[in-house]
Amino acid sequence: MAEVLLTADAARSLVDSVDAFLFDCDGVIWKGDELIEGVPETLELLRKMGKKIVFVTNNSRKSRKQYSNKFKALGLDVTEEEIFTSSFAATMFLKLNNFSPEKKVYVVGEDGILEELKLAGFECFGGPEDGKKNIMLEANFYFDHDKSVGAVIVGLDQYFNYYKMQYASLCIRENPGCLFIATNRDPTGHMTPTQEWPGAGTMVAAVSCSVQKEPIVVGKPSSFLMDFLLKRPTSLLCGTPNRRIA
């Protein structure tokens with residue numbers, strides 16, 4: 001389908017009808033560590049017009065604080081409150097569903113998930129550290145796991161390995177009521193400006209196949225993400241009734 005450019009009047013009408021704008025990050029604001037042309041000017045214009053801006057990313061490798069630092073490094077003034085990551089979404093899912101403080105969270109993912117969980121007061125482990133661990137498949141070998149794990153969160157993980165897949169699978173299969181949460185199911189992602197790379201969906205698919213169970217997805221395009229943004233008391237999206245979000 002051929003691209004159709006909006007006229008100036010149509011573009012202005014669209015912007016005027018919208019109170020809040022939600023932007024993806026990877027491939028929209030930047031590619032890898034390179035800012036996409038025209039982004040600073042667009043954001044500055046929307047802010048001058050009084051529009052609310054929220055940045056939503058399925059990339060769980062960083063926490064909101066880490067993403068705020070990345071925005072600043074690229075010359076963009078963005079607060080943590082304007083950032084909604086899938087690592088934060090997974091943490092808020094546990095919080096809103098009254099996850100027991102006596103239970104632990106096993107993470108197949110990176111520091112962003114671990115940091116958000118710890119900030120929320122949850123006990124968690126796994127992450128990059130378990131990327132260094134190996135399994136020796138020998139006769140009579142028994143793989144032990146923590147029976148107090150009540151949730152497994154799977155996100156993008158460049159340290160993904162057989163050890164993590166087995167640990168996550170055992171927790172989900174054998175710990176009663178253990179939640180299986182996916183930050184997202186994106187098959188690919190813009191990790192560098194030159195290529196697409198395997199996304200979190202590839203890690204999620206591996207664990208899902210092993211346990212023969214579908215995960216609870218908290219990132220885009222899940223309804224949880226939008227419901228949380230719209231309903232949280234301090235939401236940046238609280239605008240005038242009958243106005244729109246784009």
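# Reading the sheet, its helices and its cores

User: In which sense do strand β8 (residues 149-154) and strand β9 (residues 179-182) pair, and over how many bridges?

Analyst: Strands of a sheet pair through backbone hydrogen bonds, either parallel or antiparallel. Here β8 and β9 pair in the parallel sense over 4 bridges, and F180 in β9 is the bridge partner of V152. Strands (E, at least two residues) and helices (H or I, at least four) are DSSP runs numbered from the N terminus, and two strands pair if DSSP finds at least two bridges between them. This is a predicted model, in which local features need pLDDT of at least 70 and side-chain atom pairs count only at pLDDT 80 or more, whereas totals for chains, interfaces and linings use all residues. Residues are numbered from 1 along each chain as its sequence is written, and side-chain values use heavy atoms, with hydrogens and water left out.

User: In what order do the 5 strands of the open sheet stand?

Analyst: The order is β7-β6-β8-β9-β12, with parallel pairing. Because β7 (123-126) and β12 (216-217) each have a single partner strand, they stand at the edges, and one side of each is left without a neighbour in the sheet.

User: Which strands does helix α4 (residues 86-96) lie across, and how should I read its angle to β9?

Analyst: Axes are lines fitted to C-alpha atoms, for helices over the stretch in contact, and angles between N-to-C directions run from 0 to 180 degrees; contact means heavy atoms within 4.5 Å. Helix α4 lies across β6 (104-108), β8, β9 and β12, and runs at about 150 degrees to β9. Helix α7 (residues 200-211) also packs on the sheet, where it touches β8 and β9, and its direction makes about 155 degrees with that of β9.

User: Which members of the largest nonpolar core touch the most other members?

Analyst: In soluble globular proteins, nonpolar side chains tend to be buried together. A nonpolar core is a set of buried Ala, Val, Leu, Ile, Met, Phe, Trp, Tyr and Cys residues joined through side-chain atoms within 4.5 Å, where buried means under 20% relative accessible area, exposed over 50%, and partly exposed in between (1.4 Å probe, protein chains only). The largest core has 26 residues, of which F84, L94, V105, L117 and I153 touch the most other members. At least two of its residues come from each of β4 (52-57), α4, β6, α5 (111-119), β8 and α8 (223-231), and α4 gives the largest share, 6 residues. Leaving aside neighbours within four places in sequence, L117 is in contact with T91, L94, V105, V107, F122, C124 and I153. A second, separate core of 22 residues includes L156, Y163, F180 and V207.

User: Is I113 buried or exposed, and what does I113 touch?

Analyst: I113 is found in helix α5 and counts as buried, because its relative accessibility is 0%. Not counting residues up to four places away in sequence, I113 touches S60, S87, V107, I153, G155 and T183.

User: Why does R64 count as buried?

Analyst: R64, which is found in helix α3 (residues 64-73), counts as buried because its relative accessibility is 18%. Leaving aside neighbours within four places in sequence, R64 is in contact with E80, I83, T85, F88 and E116.

User: How many helices and strands does the protein chain have, and what percentage of its residues are buried?

Analyst: The protein chain has 8 helices and 13 strands, and buried residues make up 46% of its 246 residues. Among the contacts with a separation of 6 or more, 72% are between residues 24 or more positions apart.
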